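Please work through the exercises below with the sequence and the coordinates at hand. Each task is followed by a worked solution.

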Amino acid sequence: MYWQNQLYKALLQLVLEGKAPRIAVLGIGSELHSADAAGIIIVRVLIQNNVYGEHLLVINAGIAPENKLGELRHFSPDLVLIIDAAQMGLKPGSVRCIDPRTIGGFSFSTHTLPLQLLCRYVSHETGSRVIILGIQPDDVTFKSALSPLMKESLRAVLHVLAKLLQPSLQPTSDCSSQVDLFIQGNFPGCRYDLLSTR
């Protein structure tokens, strides 16, 4: 859980600077490739659990995060957390905090804008620090089902994010069970039938 400590330190640094930190969470990915939808699933479950507020913006950016730059600029965050599937050469389901300046060796294949360029632009336009939370996918073939390993990874990430981003929320099994509902396409307003375990 080293990535959890890195996120905690980033938030603590803002608090120690005397700020009530404004945090934006940007979920990126494609609905047509289940493992690559990790960022989207996470932000949708956060929103359904009301993990957002005056100082916390949660955005489903899909495959065109550049379309959300105006919303980010208006929110004026201190920290932008981008969540995405990343080919890092690690065990499937592995999670890492990635410095945008070091992502040259990683693959983020479904975006219309290179992620390194997006991070640089977001930081320039908002003055915020940008961190990428990369999740190593297993199978990103068209319409592939989300593996049990990836589901478990998403549940772990959601539980940590809910605690770090909104400490007043007491996440129990709700986030975990809602991941399953999203994956099975049973959640109200959900379009994740492609992620079914059938």
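The exercises that follow concern a predicted model.

**Exercise 1. Determine how strand β1 is placed and which strands pair with it.**

Step 1. Strand β1 covers residues 23–28, and six of its six residues are buried, so the strand is largely enclosed by the rest of the structure.

Step 2. Consider the two faces of β1 in turn. Ile23, Val25 and Gly27 are buried on one side, and Ala24, Leu26 and Ile28 are buried on the other, which leaves both faces covered.

Step 3. Strand β2 (residues 56–62) pairs with β1 in the parallel sense through six bridges. Within this pairing, alanine 24 has leucine 57 of β2 as its bridge partner.

Step 4. Strand β3 (residues 79–85) also pairs with β1 in the parallel sense, over five bridges. Here leucine 26 is partnered by isoleucine 82 of β3.

**Exercise 2. Describe the largest nonpolar core and the surroundings of valine 25.**

Step 1. The largest nonpolar core comprises 34 residues, and those with the most contacts inside it are Val25, Ile42, Ile135 and Leu161.

Step 2. Elements giving two or more residues to this core include α1 (2–16), α2 (38–48), β4 (95–98) and β5 (129–135). Helix α5 supplies the largest share, eight residues.

Step 3. Beyond its neighbours within four places in sequence, valine 25 is in contact with residues including Val43, Leu46, Val58, Ile83 and Leu165.

Step 4. A second, separate core holds 21 residues, among them Ala24, Ile28, Ile98 and Val122.

**Exercise 3. Locate the salt bridges and state the exposure of each partner.**

Step 1. The structure contains two salt bridges.

Step 2. One joins the side chains of arginine 73 and glutamate 125, with an N to O distance of 2.9 Å. Because arginine 73 lies in helix α3 (residues 69–75) and glutamate 125 in helix α4 (residues 115–126), the pair ties together parts that are 52 residues apart in sequence. Arginine 73 is partly exposed at 38% relative accessibility, and glutamate 125 is partly exposed at 30%.

Step 3. Another links arginine 155 with glutamate 152, whose closest N and O atoms are 3.3 Å apart. Both residues lie in helix α5, three residues apart, or about one turn of the helix.

Step 4. Buried means under 20% relative accessible area, so arginine 155, at 17%, counts as buried. Glutamate 152 is partly exposed, at 48%.

Conventions:
Residues numbered from 1 in each chain as written. Predicted model: local features only at pLDDT ≥ 70, side-chain atom pairs only at ≥ 80, totals over all residues. Heavy atoms only, no water. Buried < 20%, exposed > 50% of the residue type's maximum accessible area, 1.4 Å probe, protein only. Helix = DSSP H or I, 4+ residues; strand = E, 2+ residues; numbered from the N terminus. Pairing = 2+ DSSP bridges. Core = buried A, V, L, I, M, F, W, Y, C linked by side-chain atoms within 4.5 Å. Contact = heavy atoms within 4.5 Å. Salt bridge = Lys/Arg side-chain N within 4 Å of Asp/Glu carboxyl O.
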